[in-house]
Amino acid sequence: MKSFSFVKLRAFPIRAQSTSYRSSGLLSLFQYLSSWQLSSYSILLEDSLLLVRMAGSIYLYYLVCLLYIFETFQSSWAIEVKSPIVKEGKGRPPPLPPSKLKHYEPDWNSLDARILPSWFDKDKVGIFIHWGVYAVPSISSEWFWIDWKGNPSPNVKAQQEIMQFMKRNYKPGFTYQDFAVEFSAEFFNATEWADLIEKSGAKYVVLTSKHHDGFSLWPSKFSYSWNSVDVGPHKDIVDEVSKAVRSKKGLRFGLYHSLYEWFHPLYLADKATNFTTQKFVDDKIFPEMKELINKYKPEILWSDGEWEAPSKYWKSEEFLAWLYNDSPVKDSIVVNDRWGEETLCKHGGYLTCSDRYNPGKLPPRKWENAMTLDKNSWGYNRKSNIDDYLSTQQLVDLLARTIALGGNILINVGPSKDGKINPIFQERLLDLGKWLKVNGEAIYESSPWDVCQNDSSQPDIWYTTKNTGKDLYVIMLRWPKSNNIYLSCPQISDKSKISMLGLPGIKLQGVMTVKHLLKIALPDKALVENEWGWTIKIKNVVSP
């Protein structure tokens, strides 16, 4: 079923294309209505009369009116639900009605009604890249500057460590801005990055275009002499990465953008007025975001740095209305929920709620787990030890849990100042790619299972579904010593077929026990390819 479009009253599209329909009679009228996918009462009386003049019969006017009335009632049950709310299931709130709007007002009620582009829920796995001037000192974290010079510092312990580091290694008077010259990127190769991301099995990329220090990775008109073309690499990093990513089939490109900047004088001036003035937003942030969208056309805009001021100060509603109505990416763009101090986990396209978010249960709305392979830093940190990084097993565990609970996972890496992605990051991403090559059927374009998301008798079991719940995927993160697995949620019938992904042609045997558990005999473990998780597929599963 197709979703219906909203016809703008001021545009009068019928007049613009009426010539080819003037003498075509009733058949052409139906063809015309079908081609425009008219929705409810979105055409004024004068346009209906125009149709009458085109077709030449007053009876057709009544036919048009009847069609409008029919579509109004029919839309309540015939429109495919594509809202950001997850499908209705047992013990879950009903879905919100899908929005038929094609014009969005600058208020959250209207903006939140926008249907999330379907590609985002299908793709599931993304790569986050934090890269900037903070990669030069590369100790502490990407918050190096504010930890060092904040008054007060948000991290006193980090401040003391940084001050000692600076005293030992840099001359007095050395500033954060001086690090930009050393942001060399001499080994940066966007094609190598894109190759690695493709091999990881990820489907989208989010690059930090500008973090809270205000340094932009593109030659922004609103960041003079504090961008990657004017100082440091002398490269348009955003442009190079976007082209490399888009050269890979199936990869989408997105951008992270920080609203606030720690030490920008215009922001500090607005903050001093308790955000009753908006000089920083009017002169920098608002036009800067439009510049990013118009020039690079990302399919994700990952906003951040919103928490000190309300969305009215940031003019977030006004910007998103432009983004959804008039921008070059209005039909494909996806945004998160970080648009003002009151918007987190409430407003926007999909929810992030917090870094490394884990809802603990199946939420009613689409969400994303933005997490990082280095447990303590999003930017590159030279001081990290092996225990500071997630293992491949931990990464796969997080992936399975996130997808089973209806989320996407955004996995962060932080390149070094010279543009290289740390070998330990590479290893983790390549391992993930190997796992997804075998088990991706259970991840991409899957849906949560309404019955169970994880198994009450087996905590390391997570479920996903396809084919409207008829095909169940059992993601098993630990191999049982008995070589048998017992599941409390699914049941089977004579029509059910059980197999393991990656082992075509091998049928698994399942039986219901007297305790109403599904017992599945596993194949020889020597036949499987990895040690991080395996997926059992049950076709024609029976829900309890």
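This is a predicted model: local features need pLDDT of at least 70, side-chain atom pairs count only at pLDDT 80 or more; totals for chains, interfaces and linings use all residues.
Residues are numbered from 1 along each chain as its sequence is written, and side-chain values use heavy atoms, without hydrogens and water. Local features need pLDDT of at least 70, side-chain atom pairs count only at pLDDT 80 or more, and totals for chains, interfaces and linings use all residues.

**Exercise 1.** State the mean pLDDT of the chain and locate the stretches below 50.

Solution. pLDDT is the predictor's confidence in each residue, from 0 to 100. Its mean over the chain is 86, and 81% of the residues reach 70 or more. Over residues 1-57 the pLDDT is below 50. Over residues 68-99 the pLDDT is also below 50.

**Exercise 2.** Give the strand order of the open sheet and name its edge strands.

Solution. Strands are DSSP runs of E with at least two residues, helices runs of H or I with at least four, both numbered from the N terminus; two strands pair if DSSP finds at least two bridges between them. The order is 5-4-3-2-1-7-6, with parallel pairing of the seven strands. Strand 5 (334-335) and strand 6 (367-372) are the edges, each pairing on one side only.

**Exercise 3.** Describe the surroundings of strand 3.

Solution. Take burial to begin: six of the seven residues of strand 3 are buried (under 20% relative accessible area, 1.4 Å probe, protein chains only). Next, six bridges join strand 3 to strand 2, with Phe253 as the bridge partner of Val205. Five bridges join strand 3 to strand 4, where Ser303 stands opposite His257.

Key: Contact means heavy atoms within 4.5 Å. Buried means under 20% relative accessible area, exposed over 50%, partly exposed in between (1.4 Å probe, protein chains only).
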